[in-house]
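Dear colleague,

Please find below the structure for your review. My notes on selected residues follow it.

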Amino acid sequence: MMITTPQPSGTLPDRSIYERRESAVRSYARSMPRQFGKAEGVWMHDDQGGRYLDFLSGCSTLNYGHNHPILKQALLDYIAADGIAHGLDLHTGAKRDFLGAFEALILKPRGLDYRVMFTGPTGTNAVEAAIKLARKVTGREMVIAFTNGFHGMTLGALACTGNATKRGGAGVPLSHVAHEPYDGYYGPEVDTAELLEQRLADPSSGLDAPAAILVETVQGEGGLNAASAEWLRRIAGIAKAHGALLIVDDIQAGCGRTGSFFSFEDMGFTPDIVTLAKSLSGMGLPFALTLLRPELDQWSPGEHNGTFRGNNHAFVTATAALRHFWATDDFQRDIGRRAALLETRLARIAADHGFEVRGRGMMRGVNVGSGELAASVTAACFDAGLIIETSGAHDEVIKVLAPLVIDDAVLGAGLDILETKIREAMAADYAVAAE
């Protein structure tokens with residue numbers, strides 16, 4: 001019989017080693033104080049017998065769930081055969097197989113022609129490479145990013161990030177980036193693409209000619225703001241008209257999270273550069289790519305590198321994921337069907353309380369209006385065995401990032417918990433207000 005409900009543990013683990021030795025910078029462990037030891041599919045288990053339904057998926061790093069058996073077996077077989085683990089940028093069979101699968105199953109069917117740059121292992125490394133390349137190719141310094149954008153924690157990517165708390169940790173000025181208003185930032189009546197065009201066309205606006213325009217089609221950490229296809233086409237046209245490269249950050253929104261492999265598919269434009277990471281390996285193994293049009297591949301050998309750009313274990317699981325999930329369009333159709341279920345349920349929850357649904361595909365959430373309310377709801381969800389987190393400028397959006405492979409019944413059970421905890425939190429607020 002399929003398990004559909006969580007079974008959280010009621011006692012806390014011994015956390016003394018973490019409190020004694022781990023940096024205070026840790027965050028998720030504070031709101032989810034358990035010690036996890038096992039995971040499969042959509043479930044995580046703590047060492048005290050608790051079972052938790054995962055609606056976080058490693059911030060979209062586990063789109064195919066935990067320890068998918070096909071991906072896991074591919075890795076086990078590779079390790080058992082003493083396959084190369086670390087290869088810098090040497091040619092290996094694992095890299096060859098990944099590049100071949102990526103070309104045949106992802107690029108060619110979509111009519112895309114990108115060179116594949118293996119960067120350091122995380123998303124911020126891919127963004128750093130992208131903006132560094134844009135500056136090299138164009139000879140310009142300025143990058144245009146957008147309000148509420150999040151692109152990483154290393155200095156170049158952090159300069160493109162909007163969040164004040166994250167930026168404040170830099171300790172140095174974060175320069176050569178202009179943060180322009182994202183789609184809908186001033187409300188539906190203001191066309192922010194037109195504002196950007198006006199600024200770039202005005203030689204007295206003070207906005208320097210950009211090397212690149214960097215954009216997320218859906219802002220994962222910024223509150224699940226989803227740009228319209230029309231707005232994104234306008235931004236792409238503006239970049240081209242002003243000699244800038246268009247970079248799409250698909251680190252959280254890619255690999256099927258918004259419905260298609262790339263979040264910009266069928267939107268009527270093609271980015272010059274794309275960054276990928278998170279679910280690219282399929283197993284949670286560190287792996288990031290920067291994709292670039294062939295004519296932009298102007299690097300000299302070794303000009304940009306990284307010790308762990310050759311994670312062959314990640315190549316193996318990524319190849320298995322591509323072959324299993326993306327060889328046909330069946331998986332994409334299933335994501336679309338499940339995304340419609342998610343949208344319908346969240347819309348019903350939001351309508352009951354006058355809230356707003358945000359996002360696209362299986363990257364959706366509910367804006368409950370305040371970070372305090374969102375925090376109380378997610379804490380109550382965790383107590384009920386549902387792992388779920390928040391996003392947005394004030395952490396006001398409760399974000400559902402369930403694995404894309406989740407069964408409909410299990411998805412429904414998790415949303416039942418979310419609906420109940422929102423209703424209880426709203427009732428408690430009403431009771432306090434009435435006193």
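Please bear in mind throughout that this is a predicted model.

I begin with Lys95. Leaving aside neighbours within four places in sequence, Lys95 is in contact with Asp89, Leu90, Phe118, Asn312 and Phe315. The residue lies in helix α5, which spans residues 93-107. Lys95 is buried but forms no salt bridge. The side chain of Lys95 does reach the backbone oxygen of Leu90, at 3.4 Å.

The second residue is Leu322, in helix α11 (residues 312-325). Leu322 counts as buried because its relative accessibility is 3%, the cut-off for buried being under 20%. Not counting residues up to four places away in sequence, Leu322 touches Phe98, Ala101, Phe102, Leu105, Ile106, Phe261 and Ala327.

Finally, I turn to the surface. A nonpolar patch there is formed by Tyr185, Tyr186, Val190 and Leu195, which together have about 360 Å² of accessible area. Of these, Leu195 belongs to helix α9, residues 192-201. Leu195 counts as partly exposed because its relative accessibility is 33%, which falls between the 20% and 50% limits.

Yours sincerely

Conventions: Residues numbered from 1 in each chain as written. Predicted model: local features only at pLDDT ≥ 70, side-chain atom pairs only at ≥ 80, totals over all residues. Heavy atoms only, no water. Helix = DSSP H or I, 4+ residues; strand = E, 2+ residues; numbered from the N terminus. Buried < 20%, exposed > 50% of the residue type's maximum accessible area, 1.4 Å probe, protein only. Lys, Arg positive; Asp, Glu negative; His and termini not counted. Salt bridge = Lys/Arg side-chain N within 4 Å of Asp/Glu carboxyl O. Polar contact = N/O pair within 3.5 Å; in protein donor to acceptor, adjacent residues only side chain to side chain. Contact = heavy atoms within 4.5 Å. Patch = residues over 30% accessible without salt bridge, like charges linked within 9 Å, V, L, I, M, F, W, Y side chains within 5 Å. Areas by Shrake-Rupley, 256 points an atom, 1.4 Å probe, with all protein chains shown as cover.
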